[in-house]
Amino acid sequence: MAFSTAISGINAATADLGVISNNIANSSTTGFKASRAEFADVYATSLLGAGSNAIGKGVSLAGVTQEFGQGTITFTNNSLDLAINGGGFFQLSVEGAIEYTRAGNFQVDREGFLVSNQNSRLQGFQVDGGGDVTGQLGDIQIDTSLIDPNPTGSVSLTSNLDSREVSPGAGFAAGGPYDAFASPATSPSPADFNATTSTTVYDSLGNPHVLSLYYVKTANPNEFEVYALIDGQSQDPGTGTVGDPIALQFTSNGQFDPASPTQIDVTAWAPVDSTGIANGASAQTLAVDLQQTTQFGTAFAVSSVIQDGFSAGQLRGLEIDESGVAFARYTNGESRALGQIALASFNNQNGLQPVGDTNWVETFSSGSPNVGEPGTSGLGAVQSAALEDSNVEITQELVDLIIAQRNFQANAQVIQAEDAITQTVINLR
């Protein structure tokens, strides 16, 4: 009888309506992937197969397949909102178990971990003490504590000295007011040097100090002497010498002479406070590298000053680049890598099992995850301050809804027709 066949059709249409309604309900769910109901016909068969005139017995739900097509990426104002542009899934630790998601609306919990709305921790590659990314997977955590200061150990300058300058006199020479870096030194006048530049250096406590360099043209051709003062002092109240002057020599084409001294060595520098009293920082040694200096017939100019020290700093912001590396920015101008977001792909992503909260788990059908860095091995790039929208196409879903409704009505009509035929048989006399 056609009753069972029509009932299978009604059940199939009902399942189709359920899938479509779930898609429509999640049309605004971040990272949601639309599903599609797939059906197969039913035939009564035996070991010898079905006959050539066999009539089908209806339809069955063969499976519900998710469509993992890319959703539209919408930009936000939150740097912790992450979208994957391409293939792959974020990895989440849910009470120790690993789940996978495309929903990247993350936040920082009270312990500093990057977590989802369900408090699942985002997984990534860890960094070592030097800030280099390792291959070890774990929870990504934002360190909100102060970073320790780093005393300046080296200073490197790139500059040009004007070859047209003439010697200013004996201000810095033997017997002059700055002879042998007398302590304390008074500020040199413009009349005593040809050029000067300054940069900030830091002691072991993170206190800033001003390192000043004074360039004096000598009576020798293509030669400048360079003097260093820190906080206007050539020598501290103790015995530490800030640095003896060196004579920079240049070749006739204005390039640095390879035989010339290359740096000023500051040894046993004991930092002091604004009153000239030792501030408690440890004695310090630093080198001022000057080998990137030239002497051309143009005005004195400093194009680059690089020093490796910094003061203590507090967390100011967080940035995540397209390779998934999370950088923390601090108030002292430093930035450090905190970890790199890991993405996972599967040989058969349709084999993943949805578990709710827009998450999936691996199954035997999906295979094991292939974990790697964003932008490698077919994995997509990470877009910060953005979210991937649901890939549900509302217009298509509404059309499919009409079709499913017609299928339901048609199968109901079959039951009504079968009922009329059965009633006719019953009424035979």
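A pocket here is an open set of grid points with protein on both sides within 12 Å along at least five of seven lines. Keep that in mind, and remember that this is a predicted model.

Let's start with the space itself. Rolling a probe the size of a water molecule over the atoms shows where empty space is left. The largest pocket holds about 370 Å³. Its lining counts 18 residues. Which of them lie nearest its centre? V127, D128, R336, A337 and L338. Two elements give two or more residues to that lining: strand 9, residues 121-127, and strand 21, residues 335-341. Strand 21 gives the most, with three residues. By class, the lining of the largest pocket is eight nonpolar, six polar and four charged.

Now the second largest pocket. Its space is about 310 Å³. It is lined by 22 residues, and S35, Q66, Q353, P354 and W360 are the closest to its centre. Strand 2 (58-66), strand 23 (353-356) and strand 24 (359-361) each give two or more residues to this lining. The largest share comes from strand 23, with four residues. How does the lining of the second largest pocket divide by class? There are seven nonpolar, 13 polar and two charged residues.

Stay with strands 23 and 24 for a moment. The loop between them holds D357. D357 is not a glycine, yet its phi is positive, about 60°. There is another backbone of this kind at E95. Phi of E95 is near 55°, again a positive value in a residue other than glycine. E95 sits in the loop between strand 5 (89-94) and strand 6 (97-101). Is E95 buried or exposed? Exposed counts as over 50% relative accessible area. E95 has 85% relative accessibility, so it counts as exposed.

Next, the overall build. The protein has two helices and 27 strands. Of its 429 residues, 39% are buried. Take the contacts between residues at least 6 apart in sequence: 62% of them join residues at least 24 apart.

Confidence, before anyone asks. The mean pLDDT of the protein is 88, and 90% of the residues reach 70 or more. Residues 174-186 have pLDDT below 50; in the model, that stretch has 33 contacts beyond near neighbours in sequence. Residues 236-241 are also below 50, with 13 such contacts.

On to the aromatics. A pair of aromatic rings is described by the distance of the centres and the angle of the planes. The count comes to nine aromatic pairs. F193 and Y214 make one that is edge-to-face, at 4.9 Å centre to centre and 65° between the planes. Why does this pair tie together separate parts of the chain? Because F193 lies in the loop between strand 11 (154-162) and strand 12 (195-202), while Y214 lies in strand 13 (208-217), 21 residues apart in sequence. F193 counts as buried, at 15% relative accessibility. Y214 counts as buried too, at 12%. F250 and F256 form an edge-to-face pair, with 6.0 Å centre to centre and 90° between the planes. Both of those residues are buried. Ring pairs also link F68, F89, Y100, F346 and W360 into a cluster.

Last, two positions towards the start of the chain. A37 is in strand 1, residues 35-42. Buried means under 20% relative accessible area. A37 has 14%, so it is buried. What does A37 touch, not counting residues up to four places away in sequence? D16, V19, L61 and G63. The C-alpha atoms of A37 and I20 are separated by 8.4 Å, and the two residues are 17 apart along the chain.

N26 is the other one. Where is N26 placed? In the loop between helix 1 (2-25) and strand 1. N26 is buried because its relative accessible area is 17%, under the 20% limit. Leaving aside neighbours within four places in sequence, N26 is in contact with F32, S390 and V392.

That's the tour. Questions, please.

Terms used: Residues are numbered from 1 along each chain as its sequence is written. This is a predicted model: local features need pLDDT of at least 70, side-chain atom pairs count only at pLDDT 80 or more; totals for chains, interfaces and linings use all residues. Side-chain values use heavy atoms; hydrogens and water are left out. Buried means under 20% relative accessible area, exposed over 50%, partly exposed in between (1.4 Å probe, protein chains only). Contact means heavy atoms within 4.5 Å. On a 1 Å grid over the protein atoms alone, a cavity is a set of points where a 1.4 Å probe fits but cannot get out, and a pocket is an open set with protein on both sides within 12 Å along at least five of seven lines; lining residues have an atom within 4 Å of a point. Grid points are joined across faces, edges and corners, and a volume is the space filled by probe spheres set on the points. Ala, Val, Leu, Ile, Met, Phe, Trp, Tyr, Cys and Pro count as nonpolar, Asp, Glu, Lys and Arg as charged, and the others, Gly among them, as polar. pLDDT is the predictor's confidence in each residue, from 0 to 100. Rings of Phe, Tyr and Trp (its six-membered ring) pair if their centres lie within 6.5 Å; planes under 30 degrees apart count as stacked, over 60 as edge-to-face and the rest as tilted.
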